[in-house]
Amino acid sequence: MLKFSGLPATLAAAAVAMTLGAMSSGPALAKDIVLGASVQLTGPVANTGRYYRDAYQLAVDKINEAGGVKIGDETYKLALKIYDNQSDVNLSVRQYTQLVSRDNVNFLLGPFASNFALADSAVSEKYKIPMVQGGGASDQIFARNFKYIFGTLAPASNYFGSTIEMMKELDPPPKTVALLYADDAFDVSVAEGTRPKLKAAGFTIAMDERYSTNATDFNSLLSQIKSKNVDAVLVAGHETEILNFVRQAKSLAVAPKMYSFTVGVPSEDFRKALGKDADYAFGMTAWLPSADLKDRWFGDAAQFASAFKAKFGYDPDYHAASGAADVEALVKAMEDAGTIDPAKVRDALAKVDFESLYGRIAFDNNGQIDLPQTVIQVQGDALVPIYGVHGKVAPPKYPMPAWNAR
Amino acid sequence: MDLLGQVLINGILLGGLYAMMALGLALVWGVLNIVNLAHGAFIMLGAYVSLYLFTYAHIDPFLGLPITAAVMFAIGYGVQRGILNLIVRAPMFNTLLITFGLEVVLTYLAQLAFSADFRTINPTYAGDSIVLGPVVLPLARLMAFGVAIALTVGMWLFLLHTRLGRAIRATAQNLVAARLYGVEPRHLYAVTFGIGIALAGAAGGLYGTVSQINPYIGAGLTAKSFAISIIGGLDNPLGVIVGGLFLGILESLTALYIGPTYADVASFGVLVLVLIVRPTGLLGKAA
Amino acid sequence: MKALRIMLVLAAFAVLAAVPWFGSDVLIQFGINALLLAVLAQGWNIIGGYTGYASFGNSVFYGLGSYGVGIAMAQWHLPFAVGLVFGVVLAVTFAVLLGIPVLRLRGHYFAIATLALAQVMTAIVSNVELAGQNIGLVLPPLNNDRLFYELSLGLLVLATLTVFWLTRSRFGFGLIAIRENEEGAEVMGVNTTLYKTMAFALSGVFSALAGGIHAYWVTFIDPESAFDISLNVKMIIMAVFGGPGTVLGPVVGALSLSAISEFLSSEITSLASLFFGIVVVVAVVIMPRGLADMLRRFRKTGWRYFAENIRTHRL
């Protein structure tokens, strides 16, 4: 019987093709400083990933328009190289390696989400190329003593801090609290940080439930909230889950005195999807497009927001601001270091301290920055800041009325 | 006690939706022996059709279901006639692979066309509910439940009592027997797949009124649909009602008594158990 | 003819083995990934290609292998090798305990049962404290891609030699007999339950080893990526694309599809998945019996091969 004699030949051909296929190298651009990133442009988290791509692009364009980066006597332009990791962690690790070793990028910008940052930070550490990322807030990323990873999201454990401060001043004060959280790295960190804060503030934790990431059915949890008559509900999860949570709360007529969500509320997409059912929802953001946040390149945060909206057609939220700040932090560090040598820029990054459209950027020993969260609430069509670092900003709409009384 | 009653109601209503999701999959699998890994992607497409009818033509999602179903029937007919018919007699792996490939293609086309934004079909009454003593019945879920049961029973009657229905059932037994009904097999296959996809599309329309939709919901819905059809059994369209209700109630009770992270352990664990102990499903004829 | 074939295989092996000494980091990294996928495809070939059982549960073995290494290294601070062994033990235990009941199922039912097992394992592991729940485990990093590459290549060679041995052993003939006609095999005196379970376990050993190497290499595992069902679909596609039930088919399928997919995701980055889906659909339609079959018959029939395929398999 004739065996498949073609196969060995094909194997040899495939081995060679595979070897050659991955060897072609991109052209290196002279005089440009290339920043590289692998971002979720397709796949389930693409709708948040795009904030990073757009923010990186806008910041790079703006800095180039203003003349570029001055290092010593030379002026350099910035260039951006972005890959789509298709929301696949393994692919993102490979793409970062490719950025560093084939595309020869000078510095790295981050992906979105903690699990990606966690895996990708191993690449920056391995090649000793600084990565400034604005997409991962889990404390795990910074607990590995890595030297080349810097993060511009506020620490996960403190997300509900300002919300709890605000709750203490509410009238009538909520007594019982339900803490619900998805089972991923970021949300578990949030819950672990929130639990002791709730206890210290004297609230009774009536429910403390972990649910599966991407859960679609919240009816059992909602029925328990109703049956236990919980006053305040704090949810740490993802946008899809929170959309389902609010819609199902309405259809089961579950209306606690207040509810607050770690994500979703600041994003336009979320409020559009829920329509007027988004009303009364509390959330938090480490960033608001305020003219008080002065910025060297954009003027201030408000101008950044309008430039972003004009260019991409949707409102930026803190993800975008954080992404733009990542580019600015790298530029600042290069200028401070007076070189583009990765190790020296890394040392300069550890020392930067400047005001940006996103807030004050100064990394602690682990490489993370600390930004306070401002409590926000959807009130009618508006997104209103309620409670900030210095206490009350505007009166909350509280307690939330029953769904049929709106 | 009120809590248990409410959770049971939630489970039953969820079960109706589940039944609807699985109906098309069970039909295509049972009759054509095609395990359609793209089933969830078709549900997703149906949800977007309903969404666009609602947003741009202001057609109520429930009243628009026939239109959604018709559009999806056309797509399903075309896919079977143009692609799947070409490999019906190839080794079994191939249908799994090709429908997986279709799923990937449909998902990405959906993202290109609709973006990755999360959307909802939100008619004014979507959040309304009927209060019955201590329990609350969400209106949209109740309506979805009604439609699901009606369509499933309708499907059953169609297969039993119409000429086309009998031809389709005959196909499940034997391709030659199907010819006796005077229907060309290529057409019959395409019609059957089209009906399956139309049902998936209708399920998508219902799904969009109670849950959020985005291009990536398909894979999870396919897995659920498998569980439901197997638990119910493929011999009888009413099986999906049994499978759907069983799974809906099981998941709700698991979330209540054990914890929300165990709902998937329960549903897929039961699926494995049913397969091992009674592979023809709870309603199926004993093996 | 035969000598030529052996020489070609050895030459391919030599090229592959030398890659870390002349290739770029990207190539090595891509290579590790492609080789591990080839191991998975080859492992699947044992249960799927030779025995005829379309397993969607091989990603469970892969996941158990990953977690064996993950738990041993991150939680118990044991060496990598111990983790690999632990992972293999988990996989074999799983294959025997669940294989015996599940392998009684045929066709699509077996496929769905194994698919469900993968879902159950994801859900169970995300509740196990020792396995880091759904957050996952972070392993100590080891910066030595050459080692990972050569380990992966070694594993692939081992897997391929095992499959080669299958084609000339009584055990392998038993498996093929089961694939062709299970009742007939039983009559001929093949202990089908034992054979199927052994094939399932053997397939599991290779998948688990691949999972273990991968876990240590990426330094991070979580249930979703460890028990990823689309990985299982990939191994089937690769094995079927190359030619299931052949010695080299799955390897060729895995290496060529990996190269295509890698090329697509770095060149047309956002459309890569779309094209991958189209490639799969087209490949199934025009060559449902794999590359091996095409190579064998293409010389005789030429381009008519594709048209004939459609003619034979369509309704």
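A residue is called buried here if 20 or more other C-beta atoms lie within 10 Å of its own, exposed if 12 or fewer do, and partly exposed in between, with the C-beta atoms placed from the backbone. By that rule, 61% of the 406 residues of chain A count as buried. The structure is a predicted model, in which local features need pLDDT of at least 70 and side-chain atom pairs count only at pLDDT 80 or more, while totals for chains, interfaces and linings use all residues. Residues are numbered from 1 along each chain as its sequence is written, and chains are lettered from A and ligands numbered from 1 in the order in which they are written.

Chain A has twelve helices and 18 strands, where helices (H or I, at least four residues) and strands (E, at least two) are DSSP runs numbered from the N terminus. Its C-alpha atoms fill a box of roughly 75 × 70 × 40 Å, taken along the principal axes. The radius of gyration, taken over C-alpha atoms, can be set against a globule rule of 2.2 Å times the number of residues to the power 0.38. For 406 residues, a compact globule would have a radius near 22 Å, and chain A, with 23 Å, agrees with this. Two residues are said to be in contact if their C-beta atoms, placed from the backbone, lie within 7 Å. Among contacts in chain A between residues at least 6 apart in sequence, 67% join residues at least 24 apart.

Some details of the backbone of chain A can be looked at one by one. The peptide bond from A:Asp171 to A:Pro172 is cis, with omega near -5°, and A:Pro172 is found in the loop between α5 (161-168) and β7 (176-182) of chain A. The peptide bond from A:Tyr398 to A:Pro399 is also cis, with omega near -10°, and A:Pro399 lies in the segment after β18 (391-392) of chain A. In the loop between β3 and α3 of chain A lies A:Ser87, whose phi is near 60°, a positive value in a residue other than glycine. A:Ser87 has 23 other C-beta atoms within 10 Å and is therefore buried.

Chain C comes to 15 helices and two strands, and its C-alpha atoms fill a box of roughly 55 × 50 × 40 Å along the principal axes. Buried residues make up 63% of its 315 residues. A compact globule with 315 residues would have a radius of gyration near 20 Å, and the 19 Å of chain C agrees with that. In the loop between α3 (58-75) and α4 (80-102) of chain C is C:His77, whose phi is near 55°, a positive value in a residue other than glycine. C:His77 counts as exposed because it has 8 C-beta neighbours inside 10 Å.

The next step is to see how the chains meet. In the contact between chains A and C, 44 residues of chain A touch 51 residues of chain C. The largest share of the side of chain A that touches chain C, 14 residues, comes from α1(A). By class, this side has 23 nonpolar, 14 polar and seven charged residues, where Ala, Val, Leu, Ile, Met, Phe, Trp, Tyr, Cys and Pro count as nonpolar, Asp, Glu, Lys and Arg as charged, and the others, Gly among them, as polar. The contact between chains B and C takes 39 residues from chain B and 38 residues from chain C. Here α4(B) gives the most to the side of chain B, with eleven residues, and that side divides into 31 nonpolar, five polar and three charged residues.

Within the chains, helices pack against each other. Two packed helices are described by the angle between their axes and the distance between the axes. The axes are lines fitted to C-alpha atoms, for helices over the stretch in contact, and angles run from 0 to 180 degrees between N-to-C directions. In chain B, helix α2 (residues 39-56) and helix α8 (residues 185-210) pack at an angle of about 60°, with their axes 6 Å apart. α2(B) and α8(B) are therefore oblique to each other, since angles under 35 degrees count as roughly parallel, over 145 as roughly antiparallel, 65 to 115 as roughly perpendicular and the rest as oblique. The residues of this contact divide into twelve nonpolar, seven polar and no charged. In chain C, helix α11 (residues 229-242) and helix α12 (residues 249-267) pack at an angle of about 115°, with their axes 7 Å apart.
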